[in-house]
Amino acid sequence: MKRAPVSRVSARDRRAFRLEAILNGAISLEDRHDDVESELAAGVLTIKFESSNRAWVINKQTPNRQIWFSSPISGPCRFELDEKDHLWRHTRDPTLSLDDILRRELGLEFRGASKTSSSEET
């Protein structure tokens, strides 16, 4: 029986867990604001602010091992996992992480550290 390469499986799992963590942050945002709606379907997370008619879209790109992000504020961005610090880093500006941008633009808060936790790696 042939097994998938560990790095590909791990990268896929890490993207899925990151989207779920962001969704949990978005649900918390929904609890604080009546005009926020979030949905995760088929690997695409959409966070909408109804009052301003703005939407943020985050999706996993399995072939590229990336997370793609579209924002009405910062525009389109791509992120790759930094294996050293387990943060999703902007491909054009590695000083920026996906979590930093989500905190700045949406006020999202995440439980625990912004890094990929050991539970996400299993």
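## F79 and the basis of the model

F79 is buried, having a relative accessible area of 0%. Here buried stands for under 20% relative accessible area, exposed for over 50%, and partly exposed for values in between, with a 1.4 Å probe and protein chains only.

The model is a predicted one, in which local features need pLDDT of at least 70 and side-chain atom pairs count only at pLDDT 80 or more, whereas totals for chains, interfaces and linings use all residues. Residues are numbered from 1 along each chain as its sequence is written, and side-chain values use heavy atoms, with hydrogens and water left out.

Six strands, in the order 1-2-3-4-5-6 and with antiparallel pairing, make up an open sheet. Strand 1 (36–41) and strand 6 (87–90) each have a single partner strand and stand at the edges, so one side of each is left without a neighbour in the sheet. On average, neighbouring strands of this sheet are turned by 20 degrees against each other, direction ignored. Helix 2 (residues 98–106) packs on the sheet and touches strand 2 (44–49), strand 3 (54–61), strand 4 (66–71), strand 5 and strand 6. The direction of helix 2 makes about 20 degrees with that of strand 4.

Several terms apply here. Helices (H or I, at least four residues) and strands (E, at least two) are DSSP runs, numbered from the N terminus; two strands pair if DSSP finds at least two bridges between them. Axes are lines fitted to C-alpha atoms, for helices over the stretch in contact, and angles run from 0 to 180 degrees between N-to-C directions. Contact means heavy atoms within 4.5 Å.

## Two hairpins

Strand 4 and strand 5 run antiparallel and are joined by six bridges. With three residues between them, strand 4 and strand 5 form a hairpin. W68 has R78 in strand 5 as its bridge partner.

Strand 5 (residues 75–82) also pairs with strand 6, in the antiparallel sense and over four bridges. F79 has H90 of strand 6 opposite it, and the bridge partner of L81 in strand 6 is W88. Four residues lie between strand 5 and strand 6 in this hairpin, and H86 in the turn has a positive phi of about 60 degrees.

## Nonpolar core

The largest nonpolar core holds 22 residues, of which I47 and F69 touch the most other members. Such a core is a set of buried Ala, Val, Leu, Ile, Met, Phe, Trp, Tyr and Cys residues joined through side-chain atoms within 4.5 Å. Helix 1, strand 2, strand 3, strand 4, strand 5 and helix 2 each supply at least two residues of this core. Helix 1 contributes the largest share, five residues.

Setting aside residues up to four places away in sequence, I47 touches I22, A26, V36, E37, S38, R54, A55, W56, L106 and L108. K48 lies in strand 2 and counts as partly exposed at 36% relative accessibility. Apart from neighbours within four places in sequence, K48 is in contact with D35, V36, E37, R54 and A55.

## Aromatic pairs

The count of aromatic pairs comes to two. The ring centres of F49 and W56 are 5.5 Å apart and the planes stand at 65 degrees, so this pair is edge-to-face. Rings of Phe, Tyr and Trp (its six-membered ring) pair if their centres lie within 6.5 Å; planes under 30 degrees apart count as stacked, over 60 as edge-to-face and the rest as tilted. F49 is buried at 15% relative accessibility, and W56 is buried at 3%.

F69 and F79 form an edge-to-face pair as well, at 6.2 Å centre to centre and 70 degrees between the planes. F69 lies in strand 4 and F79 in strand 5, so the pair ties together parts that are ten residues apart in sequence. F69 counts as buried at 2% relative accessibility.

## Salt bridges

Four salt bridges are counted, each being a side-chain nitrogen of Lys or Arg within 4 Å of a carboxyl oxygen of Asp or Glu. In one of them, D99 meets R18 with the closest N and O atoms 3.3 Å apart. D99 belongs to helix 2 and R18 to helix 1 (residues 6–32), so the pair ties together parts that are 81 residues apart in sequence. D99 and R18 are both buried.

R89 forms a salt bridge with D82 (4.0 Å, N to O) and another with D85, whose closest N and O atoms are 2.6 Å apart. R89 is buried at 17%, D82 is partly exposed at 24%, and D85 is buried at 18% relative accessibility. Through shared partners, salt bridges join D82, D85 and R89 into one network.
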